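I opened this entry to look up how the strands pair and where the nonpolar residues gather. The structure goes in first.

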Amino acid sequence: MQAACVDANFDGRFLASWCVDGDDCESRACVRRTCTEICDDDTDCLPGMTCMEVTYPGIEGGLYRGCWYANAASRVAVEEVELGELTLPSGRPSSRLIFAAPSNATSVTIVAEQISPASWSSFAFDEVYSPEERTLFDLGEMLDYRDQIIRWLPTTPDGAAAMLIPNTTPDRYRFRYGRHSFRAIAFREDGGDTTARIFARIRRSTSGAPSDRMLDLNIFLVGIGVTAANAPRNARLQSALSELQRIYAVRGITVDDIAYYDVSSAAASRLAVIDSASGADSELSQLFQLSEGRSGNAINLFLVREITTSSDGMTLGIAGGIPGPPGVHGSPHSGVAVSFDASVVGADPDRIAQIMAHEMGHFMGLFHVREIDRPCEPGEVPSASVDCAPFGGEDVLSDTTRDSGDNLMWPTIGGADGRTYNVSLSEGQGSVLFNCSLTH
């Protein structure tokens, strides 16, 4: 190996930042448009990088030991990059958390997962910066209902939270590889500390164009008269799953591995009808926590008899977040709930498939194409007395509109006219589903 000593450029960019030549970098080493540094071992590098042999461009035999990216293990891979177990005082942002995404990364999902205490905390992300040091999300801006490059709305209580980057079309933000950073915040009503595991899920692809991706499901049967033993033979359920497959296949998503789970008779008796959805003790929170003990990338899909949490009693499904926390099981947001009873959703299995696909779309990062409430006027914000939707009440994607009444993510079944089987998905929505780290 060869090496040369040069003066540091203290005005240069840090490790894993974008560069054109060496003068752009603090280390004066720009390799394939990425600032790199020499290293002794992985601890000298950012999470997501490894200490390995790097070839310096333009120099024959110019090998040195530097921070770079290991090859992806497969054609399409999701890699978890640990950022640490942190103790977060309530309401105080963490120190800046930094990781690096390689040049073949297509998206990242940042995740906070609560470890302790036993009572649930809420989480938020703040000052989320891209590799070109662009602000992707600022919590203060969101609290003032100012739309941002990455649209994200915190939910409570969390126990876990996730943000997908990007969750929009390239005209709004084109994903950049390299140095990402953010701060994590936990909130507790008692003002105490929260210990949380913070990590990033980096999706990498070595193929040029997207190909079919697989999506796995854990289906929990909650007092609906179907058991794990007979679910594979239940005609209504299997017809619904076949239609779910068809809806997503239009955008290259294949529903693959499906596992069925019974819940205890006590849980089924208590949670077959979901009467509350807000708060740590809500029935919806208790329902999603039944996923504890599961592992892997699958979406936890809970089939219940009925959800009666809205004033008109017509809630047909609820997702645990936009997006939900991928790969995190047992939290108050670790799943999707769907009404199954024929007296609620009708006998047609396509109706169940439509609700499943819609709520799973939320869990994977899709917003409604429009909201039911009117758009907020300039300077107006939603409140208990003001029913209006912020951000213009419409999607972040450029290829859906407020008039996309045939779209799967229209806020109600039946589309704009109440009679449409609204299951279409735009190309932009398909890209969000591909970016989601739940598909493999």
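I count two strands as paired if DSSP finds at least two bridges between them. The model I am reading is predicted.

**Strand pair.** I looked up strand β8, residues 122-129, and found it joined to β9 by two bridges. These two strands run antiparallel. For one of the partners, I checked V128: its bridge partner in β9 is F137.

**Sheet.** Next I asked in what order the strands of the open sheet lie. The order is β6-β11-β8-β9, four strands with antiparallel pairing. I noted β6 (97-101) and β9 (135-137) as the edge strands, since each pairs on one side only. From one strand to the next, the twist averages 30°.

**Largest core.** I then turned to the nonpolar cores. The largest has 49 residues. L237, L244, Y248, L303 and M356 have the most contacts inside it. Which element gives the most to this core? I found that α6 does, with seven residues. Among the other elements that give two or more residues are α2 (235-249), β14 (253-262) and α7 (427-435).

**L244.** I picked L244 and left aside its neighbours within four places in sequence. The residues then in contact with L244 are L217, V255, A353, M356, A357 and M360. M356 is also listed with L244 among the residues with the most contacts inside the core.

**Second core.** I also found a separate core of 35 residues, which includes L88, I149, A184 and A200.

Methods. Residues numbered from 1 in each chain as written. Predicted model: local features only at pLDDT ≥ 70, side-chain atom pairs only at ≥ 80, totals over all residues. Heavy atoms only, no water. Axes fitted to C-alpha atoms, helices over the stretch in contact; angles between N-to-C directions. Core = buried A, V, L, I, M, F, W, Y, C linked by side-chain atoms within 4.5 Å. Buried < 20%, exposed > 50% of the residue type's maximum accessible area, 1.4 Å probe, protein only. Contact = heavy atoms within 4.5 Å.
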